[in-house]
Amino acid sequence: MAKDYDYLVIGAGPAGMAAAIEASQVGLKVLVLDQATSAGGQIYRNLGRSLKQQAQVLGPDYVAGKPLLAKFMAANCDYIALAQVWHIEAHGQGYSVAAIVNGETKTFITSHLLLANGAMERPMAVAGWHKPGVMTAGAGQILLKSSGLLPKQVVLAGSGPLLLLLAQQYRAAGVTIIALLDTTPKINYWRALPWLLAGLSMPMQLLKGLWLTLAQRFTLPYMSGVSSIEIIGQEQVTGVRFKVANKEYELACNLVMLHQGIIAQTQMAQLLGCEQVWHEAKQCWLTKTKLDGQTSCPGVQVAGDAGTIGGAALAQLQGQLAGRTRALANSLHRPWRLSLVTFGIGLRIKQLLWARGLVDRLYQPASWLTKPTGNTIVCRCEQVSAQQITAVAAGVTGVNQLKAFTRAGMGPCQGRQCGLNLGYLVAHAQARPMAQVDPLTIRPPLSPVTLGQLERRK
Amino acid sequence: MTDSLFSSLVQDLPLCPISLDGVVYQVPAQLTVAAALLYLGQRTIGQHPVSGEARAPLCHMGVCFECMLTIDGVAKQRACMHQVAAHMQLQTTITGPS
């Protein structure tokens, strides 16, 4: 069997870069495929080409990625930017990966695979979220990182560290934040309390988080305990309506950025048949892995936020361990010092995973956000509303049958924006735990491919 | 085209000509196509294939598929996944099943 690569890494974020550095150091033939213009992932997006003013606004955590990025760019591995992976399948003892590069399909064969394709934002299906003028907080940050764009005025709504960080960055850049509407339910503070010790194991991070929260709370028009958010406007957003303690409020605005945490992008792992597990604290599906990223499929590892939501530092460590494990698997003798370092990284990963428990519980989505109702669009691609789904949710075998009945999940995003909420609605209608409502089946292509791109096949 | 909801953090950047539905505009060269449309005040991209309503990108990272348009004759390209390039031809008016 012709084997192009020993290790094919999908995604050039902190996890993918760290893994590629490790594996290429021992002489393995490594390829990194990344969909972005430049390496860095979402966290360090455009870092290598960002301007001084962008770095100033984005802050020290953004610039912190520079050494890793430099090391990756100097690593002895192949790296293809703007590569859109649309299929992965078993090929002999290894895997074949199809990607669109420069307008044509290229196929790469590899013995081992690392999925480090990161996370996405948890879809926040509030009434009117499909209207032009609504985007996610992550989108707001991406516009700043990749294009240096800032909104003139914005309403930020939702919950989670990214929302607070964006508020801080926008404030630093002089953006008018009309309001920050915090949907974090009060019960989450009690849920998180037993995990305070875990948070205290990383005191600097905890202080930073606390400062970030308080700084926004006391410098911005800030409302907590917000629920029943409704985006209003005919063709475009003209305002947002919401409730605090049963009192209704309305704000005029043209731009709303929503956020309620991030979830793992499991599509590639699902396509390969890697076992998935529902994570109750993180409220999302994760690919089941061992500490070194090994999934239930032989030769397939997952690292970083594609595997478990834990942030950049954890992703980098997971990538490092995954890459090193791959490197050691090929060496005839295992130097004991290397094994000892590997053990050390593993311990640190466990600590970070534990500490993350605090954040997981503090920012769980509010229950009203997991039960969209009425005209709220749940599936944006096929414009299927919550009431259309709840009308049949009680009688379906699961979300895949729900998809057949309602078309929800059949559009070009392949359920990325609705899958989780379909699961919640079925679980709620049938009083079943989420762990028993299997996610939507993923099929190729992972993203649309034109016939022209298929024709120009290499 | 309406007033833009966004402005550029850095002024006096090198500009790049792009054509949007046949009209040529100058935009900063570091923008993604989706960002360029926002910069120009183009708040929507085409019509929704099901509802026919105007739609706009949600995620800017390739997972919502709501910024699809025709770039240099290739249909269904995600505007957020491409950087602008000199004389790039963008068409938002061609619609079809997606």
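This tour moves through a predicted model in a series of selections.

**The nonpolar patch**

Begin with chain A and select A:Ile187, A:Trp190, A:Leu193, A:Leu196, A:Leu197, A:Leu200 and A:Trp354. Together these residues form a nonpolar surface patch with about 780 Å² of accessible area. Colouring by secondary structure shows where they come from: helix 7 (187-192) and helix 8 (196-200) of chain A each contribute at least two residues. Helix 8 of chain A provides the largest share, namely three residues. With a relative accessible area of 47%, A:Leu200 is partly exposed.

**Salt bridges around A:Asp360**

Next, turn to charged pairs. Side chains of opposite charge can pair when their charged atoms come close. Over all chains, the count of salt bridges is nine. Select A:Asp360 and A:Lys282, which form one of them, with their closest N and O atoms 2.9 Å apart. A:Asp360 belongs to helix 12 (residues 336-362) of chain A, whereas A:Lys282 sits in the loop between strand 19 (276-279) and strand 20 (284-287) of chain A, so the pair ties together parts that are 78 residues apart in sequence. Are these two partners buried or exposed? Both A:Asp360 and A:Lys282 are buried. For A:Asp360 the relative accessible area is 10%, and the cut-off for buried is under 20%.

A:Arg356 and A:Asp360 are four residues apart in helix 12 of chain A, so about one helical turn separates them.

**A salt bridge between two loops**

Now select A:Arg407 and A:Glu382, whose side chains meet in a salt bridge at 3.0 Å, N to O. The pair links distant parts of the chain, 25 residues apart: A:Arg407 is in the loop between helix 14 (399-406) and helix 15 (419-430) of chain A, and A:Glu382 is in the loop between strand 22 (377-379) and strand 23 (384-385) of chain A. A:Arg407 is partly exposed, at 42% relative accessibility, while A:Glu382 is buried, at 11%. For a network, select A:Glu230, A:Arg241 and A:Glu250, which are joined by salt bridges that share partners.

**A helix crossing**

Display helix 6 (residues 161-172) and helix 9 (residues 203-219) of chain A. Their axes come within 9 Å and cross at roughly 60°. At that angle, helix 6 of chain A is oblique to helix 9 of chain A. The crossing of these two helices is left-handed.

**Backbone details**

- A:Leu82 lies in the loop between strand 3 (78-80) and strand 4 (84-91) of chain A. A:Leu82 is partly exposed, at 43% relative accessible area, and its C-alpha atom is 10.0 Å from that of A:Gly103, 21 residues away along the chain.
- A:Pro444 and A:Pro445 are joined by a cis peptide bond, with omega about -5°. A:Pro445 is in the loop between helix 15 and helix 16 (451-455) of chain A.
- A:Gln414 is not a glycine, yet has a positive phi of about 55°. A:Gln414 is placed in the loop between helix 14 and helix 15 of chain A and is buried, with a relative accessible area of 18%.
- In chain B, B:Phe65 has a positive phi of about 60°, although not a glycine. B:Phe65 occupies the loop between helix 1 (33-40) and strand 4 (68-71) of chain B and counts as buried, at 2% relative accessibility.

Conventions:
Residues are numbered from 1 along each chain as its sequence is written. Chains are lettered from A and ligands numbered from 1 in the order in which they are written. This is a predicted model: local features need pLDDT of at least 70, side-chain atom pairs count only at pLDDT 80 or more; totals for chains, interfaces and linings use all residues. Side-chain values use heavy atoms; hydrogens and water are left out. Patches are made of residues with over 30% relative accessible area and no salt bridge: like charges are joined within 9 Å, nonpolar side chains (Val, Leu, Ile, Met, Phe, Trp, Tyr) within 5 Å. Accessible areas come from the Shrake-Rupley method with a 1.4 Å probe; for residues, only the protein chains shown count as cover. A salt bridge is a side-chain nitrogen of Lys or Arg within 4 Å of a carboxyl oxygen of Asp or Glu. Buried means under 20% relative accessible area, exposed over 50%, partly exposed in between (1.4 Å probe, protein chains only). Axes are lines fitted to C-alpha atoms, for helices over the stretch in contact, and angles run from 0 to 180 degrees between N-to-C directions. Angles under 35 degrees count as roughly parallel, over 145 as roughly antiparallel, 65 to 115 as roughly perpendicular and the rest as oblique. A crossing is left-handed if the near helix is turned anticlockwise from the far one by less than a right angle, and right-handed if clockwise.
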